Amino acid sequence: MPHITIKTYPDVTEAQKQELTKAIIDNIVSITGKNDAAISIDIIEVPQEEWMDKVYDIDIKPDIERLYKKPGY
């Protein structure tokens with residue numbers, strides 16, 4: 001607990017992915033008290049021109065009311 005999937009445009013650098021991963025892990029450990037060995041994170045790159053079809057329509061729109069943070073677009 002938990003497994004986190006992040007989908008982003010391909011313009012995020014490897015260094016930014018590493019920094020983001022560390023920040024997320026640090027916050028989960030701090031807030032939940034879970035051991036970092038229980039956390040997994042996947043980062044998937046999706047080209048901007050495919051975002052609406054591959055991410056918004058599939059992952060966001062069907063469950064928009066359940067999202068804790070909704071997109072502003």
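Author: Two residues are in contact when heavy atoms of theirs lie within 4.5 Å. The model is predicted, so local features need pLDDT of at least 70 and side-chain atom pairs pLDDT 80 or more, while totals for chains, interfaces and linings use all residues. Residues are numbered from 1 along each chain as its sequence is written, and side-chain values use heavy atoms, without hydrogens and water.

Reader: Which pattern does the chain follow along the sequence?

Author: Helices (H or I, at least four residues) and strands (E, at least two) are DSSP runs, numbered from the N terminus. The chain has two helices and two strands. Read along the sequence, their pattern is β-α-β-α.

Reader: What does the C-alpha trace of the chain span along its principal axes?

Author: The chain has 73 residues. Along the principal axes, the span of its C-alpha trace is about 35 × 30 × 20 Å.

Reader: Which residues make up the largest nonpolar core?

Author: A nonpolar core is a set of buried Ala, Val, Leu, Ile, Met, Phe, Trp, Tyr and Cys residues joined through side-chain atoms within 4.5 Å. The largest such core of this chain has five residues. They are Val46, Trp51, Val55, Tyr56 and Ile60.

Reader: Where do the buried residues of helix 2 lie on that helix, and why?

Author: Helix 2 covers residues 51–60, and its buried residues are Trp51, Val55, Tyr56 and Ile60. Seen down the helix axis, these buried residues fall within an arc of 85 degrees (taken from the directions from the axis to the C-beta atoms), so they line one face of the helix.

Reader: Which exposed residues does the face of helix 2 turned away from its buried side carry?

Author: The buried residues of helix 2 pack against strand 1, residues 3–8. The face turned away from that buried side carries the exposed residues Asp53 and Ile58.

Reader: Which residues does Tyr56 touch beyond four places in sequence?

Author: Tyr56 belongs to the largest nonpolar core and is one of the buried residues of helix 2. Leaving out residues up to four places away in sequence, Tyr56 touches Trp51, Lys61, Pro62, Ile64, Pro71 and Tyr73.

Reader: Is Thr8 buried or exposed?

Author: Thr8 has its place in strand 1. Beyond its neighbours within four places in sequence, Thr8 is in contact with Ile43, Ile44, Glu45, Val46 and Trp51. Its relative accessible area is 17%, and Thr8 is therefore buried.

Reader: Which residues does Glu45 touch beyond four places in sequence?

Author: Glu45 is found in strand 2, residues 40–45. Its relative accessibility is 38%, so Glu45 counts as partly exposed. When residues up to four places away are not counted, Glu45 touches Thr8, Pro10, Val12 and Lys17.

Reader: What separates the C-alpha atoms of Glu45 and Glu65?

Author: These two residues are 20 residues apart along the chain.

Reader: What is the distance between Pro10 and Asp59, C-alpha to C-alpha?

Author: Pro10 lies in the loop between strand 1 and helix 1, which spans 14–32. At 44% relative accessibility, Pro10 counts as partly exposed, and beyond four places in sequence it touches Glu45, Val46 and Pro47. Pro10 and Asp59 are 49 residues apart in sequence, and their C-alpha distance is 18 Å.

Reader: Which residues does Pro2 touch beyond four places in sequence?

Author: Pro2 is found in the segment before strand 1. Pro2 counts as partly exposed because its relative accessibility is 22%. Residues up to four places away set aside, Pro2 touches Ile28, Ala38, Ile39 and Ser40.

Reader: What separates the C-alpha atoms of Ile4 and Glu19?

Author: Ile4 has its place in strand 1. Beyond four places in sequence, Ile4 touches Ile24, Ile28, Ser40, Ile41 and Asp42. Ile4 and Glu19 are 15 residues apart along the chain, and the separation of their C-alpha atoms is 15 Å.

Key: Buried < 20%, exposed > 50% of the residue type's maximum accessible area, 1.4 Å probe, protein only.
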